[in-house]
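Keep the structure open while you read.

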Amino acid sequence: MLDSRWFKAAGVAVVLALASATAAHAAPAPDPAAESTAAVVTLRYDDSRAGGWEAAIAAGVASWNANVGNVKLVEAAPGTRAEIQIVATSGWPQATLGPVRPGGQARVELGSQAVTQGHDKTRIAAHELGHSLGLPDTKPGPCSQLMSGSSAGTSCKNAVPNAAERSRVESAYAGGLASLVPADGRILVDAP
């Protein structure tokens, strides 16, 4: 005849086994996609002083957002602080060399002198944003290099970073933070 203590012990074992099985199903393995989403650095830009460049800025931002996974450029809400200040000027385009960090400050000047000479507005905007993300000029260079800037000629309309440019930006913002190395801070003027 079986002792009642045996039934109690067996019952406890069954309850523990069920609890363990339930806990295993309640806590699924981490989702790698969710982890990579958490590592995205969001940088805000303010283009309220860049009249006439709105479409080019939107296209340049869209190009970076589509080609770099760990940095997202978003338009700052009116009255909020932005890391990247974009202004229209009458001179040559220029920008602060980053990589700009969240809470940091960079300036992009979209100069009409380059447009007057025939350079593409969207390429200019994407190129100058590339400086804010930490990319220097690669002059002279082919049209396939966004950071070749004006040296690619006025017929060049490419506003998409190439694989090396994308990789360099991804590396600067790896782990969800901008590079621990301070932003360069130099102003790069994109005159020929």
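Let's begin with Asn158: a polar atom of its side chain lies 3.5 Å from the backbone oxygen of Ser144. That side chain also reaches the backbone oxygen of Cys143, at 2.9 Å. Both are polar contacts, meaning a pair of N or O atoms within 3.5 Å where, within protein, one must be able to donate a hydrogen and the other to accept it, and where residues adjacent in sequence count only if both atoms are side-chain atoms. Asn158 is found in the loop between α5 and α6. Not counting residues up to four places away in sequence, Asn158 touches Arg123, Cys143, Ser144, Gln145 and Leu146; contact here means heavy atoms within 4.5 Å.

Before going further, the ground rules. This is a predicted model, in which local features need pLDDT of at least 70 and side-chain atom pairs count only at pLDDT 80 or more, while totals for chains, interfaces and linings use all residues. Residues are numbered from 1 along each chain as its sequence is written, and side-chain values use heavy atoms, with hydrogens and water left out.

**Confidence and layout**

pLDDT is the predictor's confidence in each residue, from 0 to 100. Its mean over the chain is 82, with 71% of residues reaching 70 or more. Residues 6–37 stay under 50, and the model has two contacts for them beyond four places in sequence. Where pLDDT is low, the predicted coordinates should not be read in detail.

The chain has six helices and six strands, taken as DSSP runs numbered from the N terminus (helices H or I, at least four residues; strands E, at least two). From the N terminus on, the order is α-α-β-α-β-β-β-β-α-α-α-β. Of the 192 residues, 37% count as buried, that is, under 20% relative accessible area, with exposed being over 50% and partly exposed in between (1.4 Å probe, protein chains only). Among contacts with a separation of 6 or more, 65% come from residues 24 or more positions apart.

**Helix α5**

Arg123, one of the residues touched by Asn158, is also one of the buried residues of α5. The helix covers residues 121–132, twelve in all, and reaches 17 Å from first C-alpha to last, close to the 16 Å expected at 1.5 Å a residue (the expected span is 1.5 Å times one less than the number of residues). How enclosed is α5 by the rest of the structure? Ten of its twelve residues are buried, so α5 is largely enclosed. At its start, a side-chain oxygen of Asp120 comes to within 3.3 Å of the backbone nitrogen of Thr122. After the helix comes Gly134, with a positive phi near 110°.

**Strands and core**

Strand β5 (residues 106–111) is mostly covered, with five of its six residues buried.

| Partner of β5 | Sense | Bridges |
|---|---|---|
| β3 (residues 84–89) | parallel | six |
| β4 (residues 94–96) | antiparallel | two |

The largest nonpolar core has 33 residues, of which Trp64, Leu73, Ile86 and Tyr173 touch the most other members. Such a core is a set of buried Ala, Val, Leu, Ile, Met, Phe, Trp, Tyr and Cys residues joined through side-chain atoms within 4.5 Å. At least two residues each come from β1 (41–49), α3 (54–67), β2 (71–75), β3, β5, α5 and α6 (163–172). Ile86 has contacts beyond four places in sequence that include Tyr45, Ile57, Val108, Leu110 and Leu129.

**Loops worth a look**

Ala82 sits in the loop between β2 and β3 and is buried, with a relative accessible area of 1%. Its C-alpha is 7.4 Å from that of Leu43, 39 residues away along the chain. Pro93, in the loop between β3 and β4, is buried too, at 2% relative accessible area. Pro93 and Leu110 are 17 residues apart in sequence and 4.6 Å apart, C-alpha to C-alpha.

Finally, the cis peptide bonds. One joins Gly98 and Pro99, with omega about 15°; Pro99 is in the loop between β4 and β5. Another joins Lys139 and Pro140, with omega about -10°, and Pro140 lies in the loop between α5 and α6.

Notes
Pairing = 2+ DSSP bridges.
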